[in-house]
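Please keep the sequence and the structure in view while reading.

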Amino acid sequence: MVRLLLDRQVPVRHTLRFGGSTIGLDLARELVERGAERNELALLSAAGNADVVVVHLVAESVPRSPELVQLGQRWWQAAAQAALAGRHDAARGDTEAADRNERRAAILTELATRYAPDGPPRFKYSGGR
């Protein structure tokens, strides 16, 4: 269906706002080439995409803003989780999964650094009571 619409030159300006979380990298690239807007709304949509390369593509031209700091902080946490998963994969001898998780961690760290440059969120210990 998407191919049919693209072949008929349907405007794609707002597509990343509504489909950023579910599209693959090839389609994301094509939409960007055809003029899909990459803005805060598109980035918030793409943030839910399992492929962080799609998220990175959408984020390339989205400037840092106070509204995106929380998203950046979530990316700090996701980067730490991906790095940990990569270390576990390496310890199990699964180099392919380790490489995939290390790349994911690197991309998420880059995004986190851009949108939450103060680093990951800091939690205060309340003394257990």
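Ala82 lies in helix H6, which covers residues 69–92; helices (H or I, at least four residues) and strands (E, at least two) are DSSP runs, numbered from the N terminus. The model is a predicted one, in which local features need pLDDT of at least 70 and side-chain atom pairs count only at pLDDT 80 or more, while totals for chains, interfaces and linings use all residues. Residues are numbered from 1 along each chain as its sequence is written, and side-chain values use heavy atoms, with hydrogens and water left out.

Is Ala82 buried or exposed? Ala82 counts as buried because its relative accessible area is 4%, where buried means under 20%, exposed over 50% and partly exposed in between (1.4 Å probe, protein chains only). Leaving aside residues up to four places away in sequence, Ala82 touches Asn101, Arg104 and Ala105, a contact being heavy atoms within 4.5 Å. Val53 is 29 residues from Ala82 along the chain, and their C-alpha atoms are separated by 14 Å.

Helix H6 itself has 24 residues and reaches 35 Å from its first C-alpha to its last, close to the 34 Å expected at 1.5 Å a residue; the expected span is 1.5 Å times one less than the number of residues. Its buried residues are Leu71, Gly72, Trp75, Trp76, Ala79, Ala82, Gly86 and Asp89. An α-helix has 3.6 residues a turn, so residues three or four places apart point the same way. The cover over the buried residues of H6 includes helix H4 (40–46), helix H5 (52–59) and helix H7 (95–115). Just after H6, Gly93 takes a positive phi of about 85 degrees.

The protein chain as a whole comprises seven helices and zero strands. Its C-alpha atoms fill a box of roughly 60 × 40 × 25 Å along the principal axes. Of its 129 residues, 36% are buried. Among contacts with a separation of 6 or more, 67% involve residues 24 or more positions apart.

The largest nonpolar core has 30 residues, and those with the most contacts inside it are Leu16, Leu31, Leu43, Trp75, Leu111 and Tyr115. Such a core is a set of buried Ala, Val, Leu, Ile, Met, Phe, Trp, Tyr and Cys residues joined through side-chain atoms within 4.5 Å. H3, H4, H5, H6 and H7 each supply at least two residues of this core, and the largest share, six residues, comes from H5. Beyond four places in sequence, Leu16 has contacts that include Ile23, Leu31, Val32 and Val58. By contrast, Phe18 in helix H2 counts as exposed because its relative accessibility is 69%.

The largest pocket holds about 180 Å³ of space. On a 1 Å grid over the protein atoms alone, a pocket is an open set of points where a 1.4 Å probe fits, with protein on both sides within 12 Å along at least five of seven lines, and lining residues have an atom within 4 Å of a point. Grid points are joined across faces, edges and corners, and the volume is the space filled by probe spheres set on the points. The lining includes Val2, Leu5, Thr15, Gly19, Ile23 and Leu31. Helix H1 (2–7), helix H2 (15–19) and helix H3 (25–33) each give two or more residues to this lining, with the largest share, three residues, coming from H1.
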